[in-house]
Amino acid sequence: MKLEKIHLYQLSMPLLTPFETSFGRIDRRECLLVEVHSAGLVGYGECPADRDPGYCYETTGTAWHILTEFILPELLGVDVEGPEDLQQRMAPVRGHQMAKAGLEMALWDLLGKMQGRPLRALLGGVRKQVEVGVSVGLQASPEQLVKVVEGYLAQGYQRVKIKIKPGRDVADTRAVRQAFPELRLQVDANSAYTLASAEALLPLDEMNLLLIEQPLAEDDLWDHSRLQAKFATPLCLDESITSPRHARQALEMGACKVINIKPGRVGGLSRGLVIHDLCRKHNVPVWCGGMLETGVGRAANLALASLPGFTLPGDISATDRYYNEDITHERFSLNSDSTISVPNGVGLGVTVNHTALEKYTLRKL
Ligand code: OSB
Ligand code: MG
């Protein structure tokens with residue numbers, strides 16, 4: 001398909017409630033929307049980099065820079081075969097996985113529209129609904145956290161992840177566990193610990209958690225392997241896994257027992273597929289992480305999570321957990337069995353609400 005025109009939108013969307021992690025608190029979510037025109041069709045992709053480099057080094061600013069200065073000039077007017085061909089053409093740019101993933105997603109959307117098939121089918125998905133949970137940010141106190149979790153349980157979420165950081169870990173997790181002894185519960189530290197300070201997390205091993213996500217630095221597979229040896233609870237890597245190679249090495253090293261796959265972080269849906277296949281071969285469970293996506297990225301996450309190896313619930317919550325107004329006409333809602341239905345329409349299966357898009361656009365190319 002010939003990439004005839006490519007537009008970028010830098011968005012800033014107000015969150016319904018502020019989201020706080022070990023790396024900061026936000027009340028608006030930035031991202032880039034990539035719009036690709038080919039043969040009378042338009043495909044959309046979401047680059048989930050945020051405004052600040054707290055989760056990883058990429059930001060909306062770096063992704064804009066990398067796309068406009070290095071990737072789009074090489075690809076505009078070029079006939080691209082598909083995601084693999086696109087990846088090869090983008091390979092001269094080192095890193096910047098989220099920038100690449102945004103463009104790749106738009107290509108998948110176009111492919112689906114050209115072939116008249118939903119993304120789920122293109123990727124090899126086997127489920128029409130996927131199990132989901134909710135990711136709960138740091139709260140003012142353990143009591144407040146229990147209240148917020150209770151609210152989500154009332155909405156029907158059957159798996160909860162809470163954010164932790166040094167000083168806000170064991171007591172918070174214990175409060176939720178005591179209030180909800182049977183809850184499928186997991187924690188996420190977003191790289192806030194060192195091998196030494198993570199000693200403080202040992203009591204979590206007695207709290208029947210599904211997993212402990214990314215306790216140590218993103219570039220520290222080795223110390224994760226040393227830490228995993230001290231825990232019966234599976235460690236799960238998020239930030240550390242930015243490519244299929246890192247996934248393989250993490251598994252070989254015993255740095256984790258579960259992997260969180262985010263299409264953005266690993267450089268695109270095609271890379272997510274490779275990691276999925278690798279983990280499946282090793283009998284390692286994977287689940288789909290989230291980056292507070294708009295309806296565009298959420299649609300892609302749902303399609304990916306419909307693959308057979310995604311055996312743990314994803315961080316893919318209903319639209320009303322994030323946004324009052326989204327940039328897609330479609331909103332996602334929670335089914336009574338804590339699942340969300342995977343879109344059926346061609347490509348991503350969502351349509352962009354251009355009035356809303358304009359409203360949240362900071363800059364456009
Ligand atoms: O670490 O999983 C994370 C959101 C932004 C950046 C990193 C993370 C998250 C979440 C939210 O946990 C998941 C969601 O989209 O609901
Ligand atoms: Mg995480």
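Guide: The second largest pocket lies between domain 1 (5-116 + 352-364) and domain 2 (121-341), because both domains give residues to its lining. This is a predicted model, and every value below is computed from it. The space in the second largest pocket comes to about 250 Å³. Its lining has 17 residues, and those closest to the pocket centre are Thr17, Pro18, Gln139, Val148 and Tyr152. Three elements, β1 (5-21), β5 (134-136) and α5 (142-155), each supply at least two lining residues. Strand β1 gives the most to this lining, with five residues. By type, the lining of the second largest pocket holds eight nonpolar, five polar and four charged residues.

The largest pocket also lies between domain 1 (5-116 + 352-364) and domain 2 (121-341), since residues from both are found in its lining. The volume of the largest pocket is about 560 Å³. Gly95, Gln97, Thr242, Ser243 and His246 are the closest to its centre among the 26 residues that line it. Helices α3 (97-115) and α8 (244-253) each contribute at least two residues to the lining of the largest pocket. That lining divides into eight nonpolar, nine polar and nine charged residues.

Asp188 leads on to the salt bridges. Lys161 forms a salt bridge with Asp188, with 3.1 Å between the closest N and O atoms. This pair links distant parts of the chain, Lys161 being in strand β6 and Asp188 in strand β7, 27 residues apart. Both Lys161 and Asp188 are buried. A second bridge joins the side chains of Asp315 and Arg159, at 2.5 Å from N to O. Here too distant parts of the chain are linked: Asp315 is in the loop between α10 (295-305) and β12 (339-341), whereas Arg159 is in strand β6 (residues 159-163), 156 residues apart. Asp315 and Arg159 are both buried.

These side chains belong to a network of salt bridges that links Arg159, Lys161, Lys163, Asp188, Glu213 and Asp315.

The structure holds 20 salt bridges. One of another kind of setting joins Arg51 to Asp52, with the closest N and O atoms 3.1 Å apart. Arg51 has a relative accessibility of 52% and so counts as exposed. For Asp52 the relative accessible area is 39%, so Asp52 is partly exposed.

Definitions and conventions: Residues numbered from 1 in each chain as written. Chains lettered and ligands numbered in written order. Predicted model: local features only at pLDDT ≥ 70, side-chain atom pairs only at ≥ 80, totals over all residues. Heavy atoms only, no water. 1 Å grid on protein atoms, 1.4 Å probe; cavity = no way out; pocket = protein on both sides within 12 Å on 5 of 7 lines; lining within 4 Å. Points joined across faces, edges and corners; volume = space filled by probe spheres on them. Helix = DSSP H or I, 4+ residues; strand = E, 2+ residues; numbered from the N terminus. Nonpolar A, V, L, I, M, F, W, Y, C, P; charged D, E, K, R; others polar. Domains from an automatic or database assignment. Salt bridge = Lys/Arg side-chain N within 4 Å of Asp/Glu carboxyl O. Buried < 20%, exposed > 50% of the residue type's maximum accessible area, 1.4 Å probe, protein only.
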